[in-house]
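Me: I would like a close look at one part of this model, with the overall chain as background. Please keep the account plain.

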Amino acid sequence: MKLYCLSGHPTLPCNVLKFKSTTIMLDCGLDMTSALNFLPLSLVHSPRLSKLPGWVSKDGTVNLEKELKECAGRLFVDSLPEFCLPERELLDLSTIDVILISNYHCMMALPYITEHTGFTGTIYATEPTLQIGRLLMEELVNFMERVPKAQTTTCWKNKDIQRLLPGPLKEVVDVWTWKKCYSLQEVNSALSKVQLVGYSQKVELFGAVQVTPLSSGYSLGSSNWIIQSHYEKVSYVSGSSLLTTHPQPMDQSSLKNSDVLILTGLTQIPTANPDGMLGEFCSNLAMTIRAGGNVLVPCYSSGVIYDLLECLHQFIDSANLGTTPFYFISPVANSSLEFSQIFAEWLCQNKQSKVYLPEPPFPHAELIQTNKLKHYPSINGDFSNDFRQPCVVFTGHPSLRFGDVVHFMELWGKSSLNTIIFTEPDFSYLDALAAYQPLAMKCVYCPIDTRLNFHQVSKLLKEVQPLHVVCPEQYTQPPLSQGHRSDLMLELQPPPVPYRRCAVLGLPFRRRYERIQLLPELAKSLVPSEVKPGISVATVSAVLQSKDNKHMLQPAPKPATAPPSKKRKRMVEEPPEVLTPKPLLSGAVPLELFLATLSKHGITEVKVEDTADGHILHLQAEDTLIQLEEDGTHIVCDNNESLRTVLRDLVLHFLQKL
C-alpha cells in the first residue's frame with residue numbers, strides 16, 4: 001500500500017492511495033496563496049494601481065517594468081493571478097480510478113486534474129459538497145473573466161531573473177507549475193463526472209475495496225472517508241469539527257479499528273477560539289458603525305458566512321444596529337443563501353427540526369425578509385441604486401486580489417473610520433493588505449476556523465485508536481513562530497508518519513489475508529479433523545478462480561473420458577491431472593516420550609543436542625541423525641533403508657494425519 005503526496009498545503013490536501021489494485025485520489029485542493037504575489041484585479045480603472053512604478057534591477061540590466069510593479073517596497077506581478085496546482089509529475093494521473101472529496105474547499109483543483117490528464121474515473125461527493133463547490137468554482141471563474149488582462153507575464157519566472165528579485169518573489173518555488181484559472185466549460189465537464197453519495201452509503205470499487213463517507217461536522221455535506229477491504233481498514237480524516245455549528249455532528253465511532261488513519265485539514269489557527277473570535281467580530285463591527293464608519297468582511301460565499309449572519313441576527317437589535325444595512329455581494333450570493341436553506345437533511349438536529357415547523361433553518365431568511373440583509377450579484381446595477389452608508393459588506397475574495405472586495409478596498413481604504421475584518425484563515429492578512437499600502441482603514445483579524453485543534457485531535461485518536469497515523473509534516477513540529485509550544489503538534493505513540501509534497505510513503509502495514517468463497521458442493525466434500533479443542537482443519541484440492549477481485553474455490557474438473565474412435569483427431573488440451581493429495585501432518589514430537597520409545601526399540605545410545613529450532617538426536621551405534629524442528633523432522637541415515645523406515649514410523653506415531 002502506497003501513499004503519493006501531491007500537495008504541501010495541510011488544509012488543501014491532495015493525496016493518492018494505491019490499495020488492493022485500486023488507485024484512489026483523496027481530495028483535490030487548490031492552493032490559492034500564490035495569488036498574493038499578484039496585483040489586485042480592479043473592476044473599475046484604479047489611478048493608484050496604474051501609477052505604481054515598474055521594476056528595474058539595480059544595475060539596469062533587467063527591465064521588467066511591464067511585468068512587475070512595486071507597492072510600498074514590495075513587488076507584485078501585473079497579470080491575471082495564477083494558482084499552485086497539486087503535483088502532476090509524481091505519478092500518471094490517468095491511472096486514477098476514483099477521486100473522493102471531503103468538502104467543497106478541497107475540490108477547487110478538480111478541472112486541472114480531470115480535464116488535462118486523461119482521467120477517466122469517477123468522483124464521489126455528497127450533494128451539498130457538489131452544489132456549493134460548483135458555486136465557488138463559478139464565482140472564481142466569474143471574478144477572473146470579468147476583468148480580462150491581455151498580457152501574460154513569464155519573464156520574471158526565469159530562474160536567473162528570479163534570483164535577482166527582492167523577497168518574497170525571490171523565495172517562491174515551482175513558479176512554472178502555476179496556472180491561470182480554468183474556464184466555465186472545464187468546470188461543467190469536471191463536475192459531470194461526480195457521482196452523489198449519502199452519509200454511511202457503501203460504494204463498492206471493482207470488488208476490491210469499499211468506500212463510505214461519514215459526517216465530519218465541518219461544513220454542509222463535509223465527509224471523512226472509510227476505505228476498507230475484508231481485512232484492512234484505512235480512515236481518511238480531513239476537515240473535521242467537534243463544535244456545535246450548523247452541519248451534522250461528526251461521526252467518530254465509525255473510525256474505530258483502523259489500520260491506518262490519514263489525518264489532514266486541522267485548524268490553521270490553533271490558538272484562536274472560534275466563539276471568542278465571533279464575539280470580537282461583533283464588537284468591532286458595532287464600534288465602527290457607531291463611529292460612522294463602514295465594515296468590510298472579505299469572505300467565501302458559503303461556510304462561515306452562515307454562522308456570521310446567524311450571530312449578527314442575535315446581535316443587531318441588542319447593539320442598536322437595526323437600521324444599518326448589511327450587503328452580501330457575490331455572483332452566487334442568491335444561490336448560496338438558498339442552498340443553505342434547502343439542504344435540511346445535512347444540518348444539525350436543531351436546524352433540521354425547524355424545517356418541520358415549518359421555519360427556515362437559518363435566520364438569514366428573516367434578515368432578508370425584513371430588508372436588513374440584501375444580496376447582489378455585483379456592485380453594478382441595483383446595488384449602486386440601493387447603496388447607503390454606513391453599512392456592512394460581505395464579499396469575496398478573501399485574498400483581496402480579485403472580486404468586488406477590490407473595489408471596496410480602493411473606496412474605503414483612505415479613511416480611518418472604516419474597518420476591514422478578516423474572518424477567513426486561508427490567507428495571511430498582512431500579505432493580503434500589502435498591495436493596498438499605505439492604508440488608513442483599521443484592520444481587525446478575527447480568524448474563525450472550526451476545524452479540530454491539536455487537543456481535540458489527540459483526544460479523538462485516543463478514542464478511535466488507529467494502529468498508525470499518517471499526517472503532514474507540519475503537524476509533527478511546533479509552528480516556527482512558537483517553537484516552545486509542544487502542545488501545538490501531534491505527540492503520539494507510535495509517532496505519526498509524516499509526509500510532504502512529492503513524498504511517496506510505503507504505509508506501515510501489510511495485507512496478510514484474502515477472503516475466498518467455497519462453492520457448496522466443494523464445502524460438502526470437506527472432512528474436518530480437530531487439531532486442538534475448537535479448531536478443525538481440512539485439506540482441499542480445488543481450482544482457484546479470480547475475477548473482479550473476488551476469489552472462489554471450485555471443485556477440480558474430472559478428466560473427460562473420450563469415446564473410442566478410429567479417426568485420428570487433433571490433440572485437445574486436457575484438463576490438469578488430479579492427484580490424490582498426500583496426508584498433511586500436524587502436531588509435535590515430544591522429546592522425552594520419543595527417547596523412551598527409541599529405548600523400547602533397542603536404540604539406547606542417543607546423544608541429544610539443543611539447537612535454536614529444536615533438537616538433534618545422534619544415534620551413535622547406528623551412525624544416524626534425527627533433527628526435530630518446529631516445522632519438520634529430518635532423518636539422516638546412510639544405506640540403511642530398513643532403519644530409516646522404522647524411525648519414520650516411530651516419528652509418525654506422535655503426529656496426527658489430516
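Among contacts in the protein chain between residues at least 6 apart in sequence, what share join residues at least 24 apart? After that, please take me through strand 19 and the strands that pair with strand 19.

Reply: Among contacts (heavy atoms within 4.5 Å) between residues at least 6 apart in sequence, 70% join residues at least 24 apart. This is a predicted model, in which local features need pLDDT of at least 70 and side-chain atom pairs count only at pLDDT 80 or more, while totals for chains, interfaces and linings use all residues. Residues are numbered from 1 along each chain as its sequence is written, and side-chain values use heavy atoms, with hydrogens and water left out.

As background, the protein chain has 17 helices and 34 strands; these are DSSP runs numbered from the N terminus, helices being H or I of at least four residues and strands E of at least two. The radius of gyration, taken over C-alpha atoms, is 35 Å, well over the 26 Å that the globule rule gives for 658 residues, so the protein chain is more spread out than a compact globule. That rule is 2.2 Å times the number of residues to the power 0.38. Along the principal axes, the C-alpha atoms fill a box of roughly 115 × 70 × 70 Å. Of the 658 residues, 50% count as buried, meaning under 20% relative accessible area with a 1.4 Å probe, protein chains only.

Now to the part itself. Strand 19 covers residues 419-422, and both of its faces are covered. Thr419 and Ile421 are buried on one side, and Ile420 and Phe422 are buried on the other.

Strand 19 has a parallel pairing with strand 15 (residues 295-298) over 2 bridges; two strands pair if DSSP finds at least two bridges between them. Here Leu296 has Ile420 of strand 19 as its bridge partner. Strand 19 also pairs with strand 20 (residues 442-445), again in the parallel sense, over 4 bridges. In that pairing the partner of Ile420 is Cys443 in strand 20.

For another set of paired strands, consider strand 28 (residues 550-555), which runs parallel to strand 24 (residues 516-518) with 3 bridges. Ile516 has His551 in strand 28 as its bridge partner. Gln545 stands opposite Met552 of strand 28. The hairpin of strand 27 and strand 28 has 2 residues between the strands, and Asp548 takes a positive phi near 50° there.
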